Amino acid sequence: LKHNGGRSTLGSGRRHGVVPQGATGQKNQDSPDGRVRWCPGTEAQESASAMKESLHIIKQEHRNLFRVVNVLDQILRGIAPQKAPDFAFVESLLDYIANFTDTYHHPKEDQFLFRALLRRDASAAAIIGELEEEHEGCPAALRALRESMIFCRDNYPQGLEEFRAAARDYLHFQTKHLQKEEGVVLPMAQRAQKDEDWEEID
């Protein structure tokens, strides 16, 4: 699990007037205005306690994904009929999710972390089954969002509301998915798994 090639290169977000918020939130609650509020813990918070290498990598990759989700959320809130977004930049965000998160990150969780946890804690079966099902559905959900984005780009401002709705649904899905992993599964793994489990995953 030592591959950590998913480091986000989102400095370009600042050139678009989009600055990711700090990753400090811990509350799993929806915002009444629909904005992304929750985010994974910071590296500083994690460094305060001993953490296995594989778990650190997973959490770092979650932060990278959250940054992408947060940037897309901010772009979405700035869209107006008379002000089209930078669709090339939006597409680069979707490419990151497709090329890294769906291709490398999720399979690592499915094949290593989840299997090790199930060996130690059978009560994790329900939440792991839910997360694996969501992993399977992620590529199709992303393709639908991309198709909506392409139609909007090619016919702007026609298709704007459809793209906005599709993006909001996808952002909500990804945020809730991350909450389940960070708030439920990773703490379960930290409690249940033994050193030999983490060594095998690493």
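Visitor: Is the crossing in which α3 passes α6 left-handed or right-handed?
Guide: Helices here are DSSP runs (H or I, at least four residues), numbered from the N terminus. A crossing is left-handed if the near helix is turned anticlockwise from the far one by less than a right angle, and right-handed if clockwise. By that rule, the way α3 passes α6 is left-handed.

Visitor: What kind of model is this?
Guide: Residues are numbered from 1 along each chain as its sequence is written, and side-chain values use heavy atoms, without hydrogens and water. Local features need pLDDT of at least 70 and side-chain atom pairs pLDDT 80 or more, while totals for chains, interfaces and linings use all residues, since the model is predicted.

Visitor: At what angle do the axes of α3 and α6 cross?
Guide: Axes are lines fitted to C-alpha atoms over the stretch in contact, with angles from 0 to 180 degrees between N-to-C directions. Those of α3 and α6 (residues 160–192) come within 10 Å. Angles over 145 degrees count as roughly antiparallel, and α3 and α6 are therefore roughly antiparallel. The crossing angle is roughly 160 degrees.

Visitor: How many residues in the contact of α3 with α6 are charged?
Guide: Contact means heavy atoms within 4.5 Å; L65 and L72 of α3 and L171 and L178 of α6 are among the residues making it. Asp, Glu, Lys and Arg count as charged, Ala, Val, Leu, Ile, Met, Phe, Trp, Tyr, Cys and Pro as nonpolar, and the others as polar. Eleven are nonpolar and four polar, and the charged ones number six.

Visitor: How are α3 and α4 oriented to each other?
Guide: The axes of α3 (residues 53–78) and α4 (residues 87–120) come within 11 Å and cross at roughly 150 degrees. The crossing is left-handed. The two helices are therefore roughly antiparallel.

Visitor: Which residue does a cis peptide bond join to Y156?
Guide: Omega of this bond is about 5 degrees.

Terms used
Angles under 35 degrees count as roughly parallel, over 145 as roughly antiparallel, 65 to 115 as roughly perpendicular and the rest as oblique.
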